[in-house]
Structures are given as structure tokens and as C-alpha cells.
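Dear colleague,

I am handing over the structure below, and I would ask you to look through it before reading the notes that follow.

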Amino acid sequence: MFKLIVLAGLIAVVCSAPLDDSANAQILKYESDNIGVDGYRFAYETSDGVTRDEEAQLKNVGTENEAISVRGSYSFVAPDGQTYTVTYVADENGFQPEGAHLPKAL
């Protein structure tokens with residue numbers, strides 16, 4: 001189940017990335033540590049201005065309320081040349097993104 005959640009999250013981010021010449025982007029930085037059943041952490045940066053940093057941990061391990069809590073951020077350069085950044089939390093309360101360019105809940 002954990003692997004399915006991580007895979008779904010990665011697919012969602014890839015699908016939401018802007019479509020441009022990023023196929024030729026070079027990886028400038030990649031870090032990955034603490035990958036296991038109780039959580040993970042990774043970060044990367046590419047030459048086209050995309051960055052991502054994410055970490056997760058399993059909460060309430062061994063109980064019926066066991067849940068994964070994910071925190072992270074990603075940035076990309078839009079066609080208008082501006083860099084947009086989204087920070088987010090995904091946990092038992094759902095996906096909660098924040099960014100200067102995103103509308104705020106009332």
C-alpha cells in the first residue's frame with residue numbers, strides 16, 4: 001500500500017509538470033536517504049529550473065490509525081519566465097498545497 005501511495009504521488013507530480021523542452025534537462029543535484037517502510041526523503045534539481053524536496057514518515061505505526069504524512073515543495077519555471085513554488089502537506093487530512101500563485105481558502 002505504501003509503495004502504491006508513493007507511486008501515485010510521483011505520477012501526479014510528473015503529470016502536473018509544465019510541458020516544454022524539459023526532456024533535455026540535466027540533473028544537477030539528486031539526494032535520497034532514509035528510504036524504507038517507515039518513510040523516505042529525496043530532493044533534486046534540474047538544469048531547466050525544476051526543484052523538488054520531499055520527505056515522508058509513517059505515523060501511528062502498528063495501529064488502525066497508521067498513516068503516512070508527506071511534506072515537500074516543488075518549483076518550476078513557467079513559460080512566462082517566472083518561477084512558481086508550491087509547498088504541500090499530504091496526510092490523513094488530504095493534499096494541502098500552498099503557493100503565492102494559488103488561491104487561498106476562505
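The side chain of R52 makes a polar contact with the side chain of Y88, at 3.5 Å, where a polar contact is a pair of N or O atoms within 3.5 Å, and within protein one must be able to donate a hydrogen and the other to accept it, while residues adjacent in sequence count only if both atoms are side-chain atoms. Please keep in mind that this is a predicted model, in which local features need pLDDT of at least 70 and side-chain atom pairs count only at pLDDT 80 or more, whereas totals for chains, interfaces and linings use all residues. Residues are numbered from 1 along each chain as its sequence is written, and side-chain values use heavy atoms, with hydrogens and water left out.

R52 lies in strand β3, residues 51-59 (strands are DSSP runs of E, at least two residues, numbered from the N terminus), and R52 counts as buried because its relative accessibility is 5% (buried means under 20% relative accessible area, with a 1.4 Å probe and protein chains only).

Turning to the aromatic residues, a search of the whole structure finds six aromatic pairs (rings of Phe, Tyr and Trp, the last by its six-membered ring, with centres within 6.5 Å; planes under 30 degrees apart count as stacked, over 60 as edge-to-face and the rest as tilted). One of them is the stacked pair of Y40 and F42, with 6.0 Å from centre to centre and 15° between the planes, and both Y40 and F42 are buried. Y74 and Y88 form a tilted pair, because their ring centres are 6.2 Å apart and their planes stand at 50°. This pair links distant parts of the chain, with Y74 in strand β4 (residues 67-77) and Y88 in strand β5 (residues 83-91), 14 residues apart. Both Y74 and Y88 are buried, and together with F76, Y84 and F95 they form one aromatic cluster.

Key: Helix = DSSP H or I, 4+ residues; strand = E, 2+ residues; numbered from the N terminus. Buried < 20%, exposed > 50% of the residue type's maximum accessible area, 1.4 Å probe, protein only.
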